[in-house]
Every structure is written in C-alpha cells, then in structure tokens.
Amino acid sequence: MARNPRYDLLFEPVRIGPVTARNRFYAVPHAAGMTNSMPHMRAAFRGVKAEGGWGVVCTGYVSIDPGSDDAPLPYATLWDDADVRSHALVTEAVHRHGALAGIELWHGGGSVMNRSSRIAPMSPSGTSWMATHVSFMGNQRPRAMDAGDIRALLAAQRAAARRARQAGFDIVYVYAGMGYLPYEFLLPEWNRRTDGYGGSLANRARIVRELLEVTHEAVGGKCAVALRVSLEELRGRPGAHAASEAHELVALLADLPDLWDVKLDSSPTDCPPSRFAPEGSHEPVIDFVKKLTAKPVVGVGRFTSPDTMLSQIRRGVLDLIGAARPSIADPFLPRKIEEGREAEIRECIGCNICISSWHDGVPVRCTQNPTIGEEWRRGWHPEQIAAAGSTASVLVVGAGPAGLECALSLGRRGYEVTVAEAADDIGGRLRFETRLPGLAAWARVLEWRRAQLDKLPNVTVYRGNLLSADDVLGLGATHVVVATGARWARLLYSPLEVPAGSLDGPGVLTPDDLAAGVVPEDPVVVYDFDNYYLGGVLAEHLARGGHSVSYVTPAGHVSAWTIMSNEQPQVHRALAAAGVSRHTLARVTAFGAGAVTLADQFTNAETRLECRALVIVGTRFGNDRLYGDLSGRAEELADAGIRSLTRIGDALAPGAIVHAVYSGHRYARELDADPAALGIRRDAPLAAVP
Ligand SMILES: Cc1cc2nc3c(=O)[nH]c(=O)nc-3n(C[C@H](O)[C@H](O)[C@H](O)COP(=O)(O)O)c2cc1C
Ligand code: SF4
C-alpha cells in the first residue's frame, strides 16, 4: 500500500549537525537490560528497530567510567576496547538498515552506589539521592567533587566520545537528566558549590557546557553531539531573566548541541503509565525549547498516533518524534506508516512492564510485543514467522490474552485454527479490567488482535461456546491448546507470608465476582496481597462508584509491586483523591459481625475495621478442569486423532497479561518446529583486551 500523503512530513530527512536522519522517527535512548554482557542480543534488538524504519536508533545509558556503576541495574559500559567492539555490533546492525546510531554517554554521580566497582561515588556537593524506591537506596553517601574530579569527568567523557566514534556511532550524547551527574549540577538542592560551577544558573550549567565542548572536540566534527536534558524542575523555577530556569538554560546553550533531546526528571513522570498520563504528556514542559534554539529538537510522550506526531511537528513543538515504549511495542511503527498500514500499528498500552524489566535487571519484556528481546536468542522477528510445519489443525479453548495471541500467531503461520470462547465475546480478563479507572488503553491488547484475526480466513472464532471434554474429543483437531485463564481464590495470607487459610460465606468476594456484576454492600474492604495493579484499581473503581472503601495490604505500600512499573506514586495519590482509606502492613484474619479483624504484619497487634463486603485480591489458580478432564483420557485423545494437549497462559501459571501473551506466542512459534532450533541461545560478553 502507498503512504498517505498526509504523513509525508514525518518522512522528511532531518539534518543533525554533520549527519542526516532519513526521517523524523527517533528511537530515543532506552536501556534494554541486555548490557555489554549480551552483545549479540542487544545488537539484534537495536537492528530490528532500524529495520522497522526508525531514522535514528539509540543505545540506553552507557557508563563512561567505572566510577559510574549502577549495578545491579542493567547499564552498559564504554570503558575499553572490548566495549568498543561490543557496541560496534550495534552500530553495524543499525547501519545495515540505513538508520543513524546514537549513544547516550552517562555518569550517574550521586545517584549511583558503585556497588560493584566499590569506588566512592561523587556528586557536586556530596549530596546523595534519597529515593523512596528500595532499589535505589544505598548507604554510602557520595563525596563532594573537587577540581580534579571535574577534570577527570571531562577527560572520561572525552575518552568515551572517542571510543563511541571508533565504534561507529553517528550521534554522541551528553546526558544531563534524571538525577544523574550533570543534572545534579543544574539544581541547587544538589549543587551548593561556591566555585565557578555553583551559584548562578550560568555557573550551574557550566559543566554541561564543558561536557558538550569536550564531546565536540573528541568527535572532531564526524558525529553529531546531542544533549539529553530533563527540564521539569527547571521549568517550575522562575528564571532571573526569563520565564523559567529551563528557558534560561536552553537560551544559554542554545546552539552548542547539534540536537536537543528533552525529557522530564523522574521515571514516573518521564515514562508515566497510561493509567495516569495521556499520549503527549510532556508537551507543557518542553513546548518552548524550539523557540530558543535553531537546532533540531526531539521529545517523547508515548507517541503512537501519526496524527499526534504530525501535530507536534506542525505546531512547532518538535522536529523529531522520539519514542522509547512505542518502539518497543512496535519496532515497525515507522514502516507501517510509510506503507500506508498505520491501522496495523501495535500500539503501546502504557502498562510499563518494559520499565519493570529494567528495574528487575533483565532483558526487556513487553505486554504487546512478545518478540522483544528474543530477536537473537530465540530468532523471533516481530513481523515474520515461519510457515506452518504441517497441515495440522489446532483448537484453542479460551480467547483471553494467551488464546488470542496463540490463535493469531498460529493463523499467521497458516494453520487451520478454531477458537472456542465460553463468554459471549473474546478478551477474557481484559473485558472487565479495561473498564476500570485508567485502564482503557489496555484494550489495545484485545482490539489489535481482534482486528488482525478478522483478516485471517483460516482462523474461526466461536463465542458463547463452553466446551466439555467430550466436545473437544468430538471436534477432531490435531492439537488442543487450553487457554482457559485463572480464577481468584478466597485464600488469606499467613504470618509466614504465604497464602493460607480461607474465608467463605456471604460478603466474601473476589475480583471475579465484581467482574460478574456483584455489587458489594458498604462499607467495602479491598484486601490486596497480589500487590500489582488490580487491588488498587478496584478500590479506586468502587470508591468512584460511590462506595465507602478501605484498602488493606500486608505490604508496606499500596499496590506495592507497582513501584516497578512507575505507577506507585500516582496510585497512592489516586486512592487518596478517591477517598479510599489505606491500611498497610496489615493482614485480614477474620470477618464477621460487620467488621474485619486486622493483624499488624510484624507485631500481630489486632484492630477492627468496619466491613460488610470483603474483596480478596490475593492469589489465583489456573482454570484447569477441562485440561484435567482431557489429560485423564489419553487413549480417547489418541483415538480422536489429537496428538497434543497443552496448557498456556494463566491456565498454566497465572501471571500478568505480559506472561499470557508471551506464553501464547511461544506455543505458536514452537508448534512443529525443529526441536534442535528450540530453546535459548546463550549470549556472552566479548572478551576484554588484557
Ligand atoms: C525500558 C526503558 C528503559 C529506559 N532507559 C533509559 C535510559 O537508559 N536512558 C534514558 O535517557 N532514558 C531511558 N528511558 C526513558 C525513555 O528514553 C523515555 O524518555 C521515556 O520512556 C518516555 O518516552 P516514551 O513515552 O516514548 O516511552 C527508558 C524507558 C524505558 C521504557
Ligand atoms: S510493556 Fe507496556 S508500556 Fe512497555 S512498550 Fe510494551 S505495551 Fe508499552
């Protein structure tokens, strides 16, 4: 198909200093958890984005010196020749598909603990970052930098920039964002220096200026020099000569970088979940930058709609459309627009599972795109899949996230697929959950698959079909896939921190009851030891629906795991705003006579809380009745011509939507595949030069 001429503007080349991007699609720096320890996986991952049409593909944050060590978080390094060779794999993969390669050189300053290198960390004035997120807590405070440290920092940037050029990068960054060292110089809370690097904004910005100068010097006009900077705090501070300190900073450095890459200051605001921020949420902070510089400006904002992108450029907000998450959810987003297939874009849902994989220190995962991170080690391409290995037919029982992804990928391979869904529509848990506050964008998981399935004549979907084991035997498919989801249990939580004991009886509910339309009697207690989004979001939903709601959890925070997905600060605010009372470090031990009994998780001290309906969001078990019935009838399965019976998704091991989609995809990839080609190829770091 031809590109819609309306989007031509998005495909104009953009000059960035000495290099030219082929279009305005810019995959901004984002870590992918692979680091230099998995160089082939990392190169293949970045290469696929270039193949998908991005004009520029950047690395994640890359340490310039062992004194900037973020272990155990997955950061990359550019310290020596082995690192140069490792990054050269990335630049080769990116160049092979006609994109420019950018590298974000990084020093963490007082925000890193140097846990691995054991070098005393440093910051402008010895100030440390006291995070509420335990992963970022440490107990060594940084030392205050002296003049020698500043010289050493500039030398490290210069040397790393030279290595970056040697590795073949086209764009080399100075990174002054998100609590890291150059950013620390910009803010007076971090920077209490009385020398030429502290005090006025011009002095506080001096280190950024000098970093840009040494980077220019090191790359000798062969690479563009970009500045990535966080502007949220500075925009909130009145300037001495302009609307804000952010305006002053941009005016001061205006044309020194070849490219401005502008972002916000903390991960929850820079990379906010869709639950709390719409597409384009950065605009009010960064909208002024282009007015103060002649150099191109790239910014982000979970851009997936080509019309929003167009609007940002037409209105003079941005020159280049930056993306981290949209490029993960669909590495082929630019190509799809270019080929007039924008309706096929697999849009990011803003769930932030990807950022949770960075917090976990593992290769990136994505709810929408199960192939991400698997390009090299499993050989999974986001847009290509092997043709069917046989003429087998497949029956998929259940059309939730796992069943849908499985059926779609099998259908693309060319198998004859029948999907049987017991409910009157497909979607499984998504049908209820996407109606909860802030989760509407998650419906993209269902709607994208629905639209793609509709195009496949070899996939037939039956709704309102609850199959028994006899029905399955009678259908005569070659392979049967059980994707029947999971159900919530009424188990409680023990002082040993395992689900144990249970509550039954009137007023004891689970999310399944609410999904089925049960209206709880007031006051309601939502008791959450699942710790992901659902407990918090149900409490918010009930409170917004007029119920009197308390939220109780044995964890120390509301929706404790959502610290991993950048949601937790906003979850606390949302529950407070909805009038939900919050009780942390508390276990429910009994329910009756209009109250629940709570025990303090650590002291066991008891209190009572008024309650007529208790919603337990604790643990789930797979719906395995059908699987159990069938697996006990092996001979009949064989007689019916059924060669395999497999559980996938929540029916196998209940998890988040990301796990279900991955499980369905993996089944589809592996059906009839050569057993020798299955499994994970093992990557290894390139050897350091002795
Ligand atoms: C998994 C992940 C890793 C990230 N790592 C980095 C990083 O290494 N350096 C950086 O400057 N920003 C990093 N970011 C932030 C993104 O570059 C970007 O500013 C943010 O995600 C907002 O853009 P988006 O809405 O297009 O995702 C990361 C974001 C994600 C999702
Ligand atoms: S994990 Fe979620 S937020 Fe991240 S890219 Fe995928 S869909 Fe988007």
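Modeller: Glutamate 12 comes out as partly exposed, at 34% relative accessibility. Keep in mind that this is a predicted model. The partner of glutamate 12 is arginine 24, and the closest N and O atoms of this salt bridge are 2.5 Å apart. Arginine 24 sits in the loop between β2 (19-21) and β3 (25-27), while glutamate 12 belongs to the segment before β1 (14-16), so the pair ties together parts that are twelve residues apart in sequence. Arginine 24 is buried, with a relative accessible area of 10%.

Next, take aspartate 270 and lysine 263: they form a salt bridge too, with 3.7 Å between the closest N and O atoms. Here aspartate 270 is buried at 11% relative accessible area, and lysine 263 is buried as well, at 3%.

Then there's a pair inside a helix. Glutamate 670 and arginine 666 both lie in α25 (residues 657-670), four residues apart, which is about one turn of the helix. Their salt bridge has its closest N and O atoms 3.0 Å apart. Glutamate 670 is partly exposed, with a relative accessible area of 22%, and arginine 666 is also partly exposed, at 34%.

Some of these contacts join up: Arg335, Glu339, Arg341, Glu344 and Lys455 are linked in a network of salt bridges. As for the overall tally, the count comes to 44 salt bridges, taking a side-chain nitrogen of Lys or Arg within 4 Å of a carboxyl oxygen of Asp or Glu.

Key. Residues numbered from 1 in each chain as written. Chains lettered and ligands numbered in written order. Predicted model: local features only at pLDDT ≥ 70, side-chain atom pairs only at ≥ 80, totals over all residues. Heavy atoms only, no water. Helix = DSSP H or I, 4+ residues; strand = E, 2+ residues; numbered from the N terminus. Buried < 20%, exposed > 50% of the residue type's maximum accessible area, 1.4 Å probe, protein only.
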